[in-house]
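Subject: Structure handover

Hello,

Here is the structure to take over. Please look through it first; notes on what was found in it follow below.

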Amino acid sequence: MFDSTSNPFACKTLKGDDNTTSDHYALRNQVRDIRPELLSLFDLCNRHRFWTPQMIHDGQTVEWDLRCMHHALELHYMLQDQYLSLPETKRCSPCGIARYMILLYSKAQYINLFSPDDIATYHKLGPTLNIEVDLSRKLNDVSSPSEIAPLIASACSISMQEEAWDAIRRHFENALPFAEPTALLLTRGSDDRSELSPISRANKYHATTIPSQIDINRGSCTCASIGSQAFGNCEAMRQELLLDALSIPPEKQSNPMEKKVEMIRDRITKCLDIQDLVDKDACQLILTPSGTDAEYLATSAALSRVFCSLDEMEQDIPLVTSIIIAKGEIGRGSGVASAGKYCGQKTPCGLVRPNGEYLEKYPKELVHTIELDARDAAGDIINQDDAVAQVVNDQLESIGLGNEPQADPLQTKKMVLLHLVMGSKTGFCSPSLDVVQKLSSKYPNRLLVVVDACQMRLNHTMYRIFIERGYIVLVTGSKFFGGAPFCGGIIMPMRSVLELEMAAAKAYGQQCLPRGLADYFSRANFPEMMKLTRERVGSFVNVGLLLRWESALTHMEPFRTIPSKDLHSICALYISSLNQLLAEKYHPMLQLLPEDIDTTAQKPTQHARLDNGMINSIVSFRVWHSPEKRFLDMEELRFLHFLLTKDVSACSPTQVGKKRCLLGQPVQIGNHSAVLRIAIGAEMINAIFYADDSERTMNFFLHQDEIAVQKIALIIKNWKILCKRFSHTSQTFRELETSKELQLPETDRVSIAKIDESRISKVIAKMVQEVIFSKEESIGDCMAETKVAIVYDLNAIDTAFQSLSSSFPPHFEHRFAMKTCPLSFFIKRAIENHIGIECASVVEVKHAIRLGCPPNQIVYNSPCKTRNELAFALGAGVDVNADNFDELDIIIELVLAFSQPQFPKHTPHSAYQIPRICLRINPLVGAGRNAILSTSTRNSKFGVTLTTKNRARIVTYFRDNQWLAGLHCHVGSQGCSLELLAKGAAVLCELSDDIDEITGTTGRVKVLNIGGGLPVNYGADEFTPSFGDYAAVLRQCAPQLFQRHERAILTEFGQSISAKSGWIVTQVEYVKSLDEKAPTETPEAACQTAIVHAGSDLFLRACYRPDLFPLRISVYKASGKPSENEVKLQNIAGPLCFGGDLVGRSILVPRIERNDLLVMHDTGANTISLFSRHCSRAAPCVYGYHTNDAEELTLTLLKAKETAEEVMRFWG
């Protein structure tokens, strides 16, 4: 049934033996420096003896080079294989075969940690590696074990028809939750904030789950990057779970996750000094994906208390008022989550939900939120004690006519959920403990206090105090304790636990524990005693959360034993030393907040930090720009925060620029200012306390802080050049002028794509200098001379693609319409910018694949596809837009054929791997200014016309064919308004919603392809309309595109990307005078006609429809300088032998002379792709140019001019 030696994925390089110590440490050093995420597994494999894997190729040992993705993947495979090589996992047993599947799955997932450029290079190395990359991409589109197991089995050539398959599958599915590489698994079971960028391998806060990526880690007030020790502990736990899951028969296994989670919970409660309270059933700890997510359970606890006291259910009045304190200085999602709304686009169970909408079945009418700001407009902390008391009393009291308390039936049912912030982003607490305690005593049953202790900068004793007072406490392990982002928890007093359990048993449990909570919380993370509550949450296995808490415990457990006095002494000395450094050495560039200048002063809303248990461990500072005489604002600080994590040494040859520094993200202070933060965490405090020389260790950390400050100064000094270098990498780009003044652009969107036409003169001069064009008429090879060239601005191409990507949300996928510019270099440029390809023929499909485009990023979109072409596309894994019902019927037949047992022998695809198939519809929204290029009229040849009859038939196809993925439309191109294009998208959204409703399946339509068609402004150099303009119109006309994030939205822009990135230059061969006008000619007739080498062979549309495709033409002298001759009406004619070959008719340009060079602007699209063979003209050469930061120009030949032999070969 299974033979690993014949399988294409079998690792033929797998070999290990006892080599020399030097070989071992040489490889280990490479792992540490280049692939640090493999170091812990490398060390685990070497616990008992030196084991050095060898790379064998063609029988020869190859030296390891882990900069190469292929080598890194093979090493990962070998290490995992070595660790799992135990007697229990015999190779031919179901367990051994499942182990082999797990190895491939882990390898395929590890691919996700490499950059797109690395993956593209790896993809080209051979067919087996192509399949690995394709498998990795397919795994990103599935989530359930029942979908993953067949994918892996097919890739491993494992038969799913054998009797042993069931046992193999169960072993595989048991091990699957633990099989992903640790760096990726640490991001799972969280939300989109934790996801790693494929480019930077960091999350949106620039932290990462890959160890050793940050040199100076001071971001614990936001989130921290994981350290090597914490990562090693997580790797060891994952490997233990993986090995247990594989080696123990499924029928004999108890739930390994339950045991591990219970152990983690016990360790956390011990670190917080509440273990005895848990043992006495005074409280329980529930693990949550983040501190923000814990807010959902706090609101559920309040609802449960209300309903437990009601005789009947009230469903139409607000019963719970949640008071959120210190808005702006707590997590941005706290108020959103407390109100019961989705926070972020992705939930911990992996589903995409609409950000800001209510959780599924959430009782939104029962919960009301009130948010109180942390600071006033000037940035001063607001003392909220009086405001909090007033709001609580207003909610819970009813005043009679005689100012006597009067029992109001409505009032007596209400609950207040009062938040007590014990540690804001800048380190204060609000409201005061005294006010909270007084209110709690006054309303013991109707005021539920929630302590936001998520910063965790508290004495150990404080958690016990809060629980004994009956408060709920929100905790995290991913801030002060430096765990991988994010991991949270909620400590509930037993009263709240029992009320939740009571609610879960009642009919009103659906209000207290709505269905949407299952998107966030896993049963295993609730104590076993909460059986009824567990039944109402999700069943998914959240291994990522378990590992993130394990990483936090790395620092929590040693921190627990530090005496309180020593803890505060260390922090006080450190903070005062850091404040002194900033004030004395780096003022006025860095300025502390007023409340932090005197470290002994009490902040307005708190007692001294030592008295209320707060740990003083955050330094907040503004960054001053002296020429402008103001502080950097929030957007500027975000970009500074980003640059601190990058190697900027290219702008200054110092070691400071190389240091990667992670600080706390910026915080808005009032209306006009913001601060960066340096935060010390438990890892640093542990290091200082347990060091042999604590003073030396503290000075080392302070020296690191000074390096971070010096890097801030370096960045400010070189701001302009760094903006240019990193503007496309950061999401928060603002270009500043640091020499004289700060100049802020109107928008932080990536700049639109158009050529800097001032450079055209330089390019022409260089072409003349390099004798590409010459006015000397020497006799030679007539085919060797250059008289016309197509020229592309390579910088403008990249900017165009980046502008497209930045103008739309992440769930939009973009495909470049190859037909507008099929040149290989341009297609490669699209792929390098992570843009897929839309192909209008099977040859274009093969062209895209040959150039390295992943098949699942190709859309095959032709109205005339043959059965063989469709079979090829489906077998290659290419997405297909079916143009009509007949074509769709052919695809159905092919899909059925794919599902036959014999089919996988011929292709890697099978029924469950069908590419995304969409049906093209004609939405009948009408024609634009150019009816010829409009495709949404009754007579259009494209798509299924959306009549009533066809609409019903479309729904039937979706109902009967579950693999049918989506819908496609394309209204037209040049001449169509943005509103007309958006109208077609709106019709598409409406139809997809109807299909969802009629089929009874939410998200039945998984893909909406809205086509392209953005018109190009050929009459001027401005890029209008822009992609951002179109996105804005789409938001108004088709808002569903931006709300339904579980659907992928595809675009197919072509000429709007390529047109303005290219121009054509041609030499004037002759000039014919037309001085004598015929009697019938108008006064506007041309005075002469210039004959050039570019005509309707390149400008087909401009020659036939100049009204829709006007050409802007400029005249240059052979020197490259613009012509300064007087302006005249002139004709410009091409080289073809027919009278209509005119690219310019009576146009006003400087008087043209022989050997001048004419430039036709905005000709990067539909020129070479519409090239005419009339008169057997050779296709011209293609050049590209780019400039560096020093404005140095490089000119490159991208495609040579056709030879006479190539032209004649075309004719047979």
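To begin with the aromatic rings: Phe808, Phe812, Phe1027, Tyr1030, Phe1042 and Phe1053 are joined into a cluster by ring pairs. Here rings of Phe, Tyr and Trp (its six-membered ring) pair if their centres lie within 6.5 Å; planes under 30 degrees apart count as stacked, over 60 as edge-to-face and the rest as tilted.

Before going further, some notes on the source. This is a predicted model, in which local features need pLDDT of at least 70 and side-chain atom pairs count only at pLDDT 80 or more, while totals for chains, interfaces and linings use all residues. Residues are numbered from 1 along each chain as its sequence is written, and side-chain values use heavy atoms, with hydrogens and water left out.

The chain as a whole

The chain has 40 helices and 36 strands. Helices (H or I, at least four residues) and strands (E, at least two) are DSSP runs, numbered from the N terminus. Of its 1212 residues, 58% count as buried. Buried means under 20% relative accessible area, exposed over 50%, and partly exposed in between (1.4 Å probe, protein chains only). Among contacts in the chain with a separation of 6 or more, 72% are between residues 24 or more positions apart; contact means heavy atoms within 4.5 Å.

Aromatic pairs and charges over rings

In total the structure holds 32 aromatic pairs. One of them is formed by Tyr105 and Phe172, which are edge-to-face, with 6.5 Å from centre to centre and 90 degrees between the planes. This pair links distant parts of the chain, 67 residues apart: Tyr105 is in helix α4 (residues 94–110) and Phe172 in helix α8 (residues 165–175). Tyr105 is buried, with a relative accessible area of 6%, and Phe172 is buried at 0%.

A further pair is that of Phe801 and Phe816: the ring centres are 6.0 Å apart and the planes are at 85 degrees, so the pair is edge-to-face. Because Phe801 lies in helix α29 (residues 794–806) and Phe816 in strand β20 (residues 812–817), the pair ties together parts that are 15 residues apart in sequence. Both Phe801 and Phe816 are buried.

Two arginines are placed over rings. The charged end of Arg193 sits over the ring of Phe486, 4.1 Å from its centre, and Arg1173 lies over the face of Phe1210, 4.8 Å from the ring centre. The test for this is that NZ of Lys or CZ of Arg is within 6 Å of the ring centre and within 35 degrees of the ring normal.

Around Ile790

Ile790 lies in strand β19 (residues 788–793) and is buried, with 0% relative accessibility. Which residues is Ile790 in contact with, leaving aside its neighbours within four places in sequence? They are Trp1063, Ile1064, Leu1098, Ile1168, Pro1180, Cys1181, Val1182 and Tyr1183. The C-alpha atom of Ile790 is also 9.8 Å from that of Val1159, 369 residues apart along the chain.

Backbone details

The peptide bond from Ser430 to Pro431 is cis, with omega near -10 degrees. Pro431 is in the loop between β10 (429–430) and α16 (433–442). Another cis peptide bond runs from His587 to Pro588, with omega near 10 degrees, and Pro588 is in the loop between α22 (564–585) and β14 (590–592).

Cys1175 has a positive phi, near 75 degrees, in a residue other than glycine. Cys1175 lies in the loop between β34 (1157–1160) and β35 (1181–1187) and is partly exposed, with a relative accessible area of 37%. Ser1176, in the loop between β34 and β35, has a positive phi near 55 degrees and is partly exposed at 38%.

Cavities

The structure holds six cavities of 30 Å³ or more. On a 1 Å grid over the protein atoms alone, a cavity is a set of points where a 1.4 Å probe fits but cannot get out, and lining residues have an atom within 4 Å of a point. Grid points are joined across faces, edges and corners, and a volume is the space filled by probe spheres set on the points.

The largest cavity holds about 150 Å³ of space. Of the 15 residues that line the largest cavity, the closest to its centre are Tyr1018, Phe1109, Ala1165, Asn1166 and Thr1167. Helix α39 (residues 1100–1104) gives the largest share of this lining, three residues.

Regards

Methods. On a 1 Å grid over the protein atoms alone, a cavity is a set of points where a 1.4 Å probe fits but cannot get out, and a pocket is an open set with protein on both sides within 12 Å along at least five of seven lines; lining residues have an atom within 4 Å of a point.
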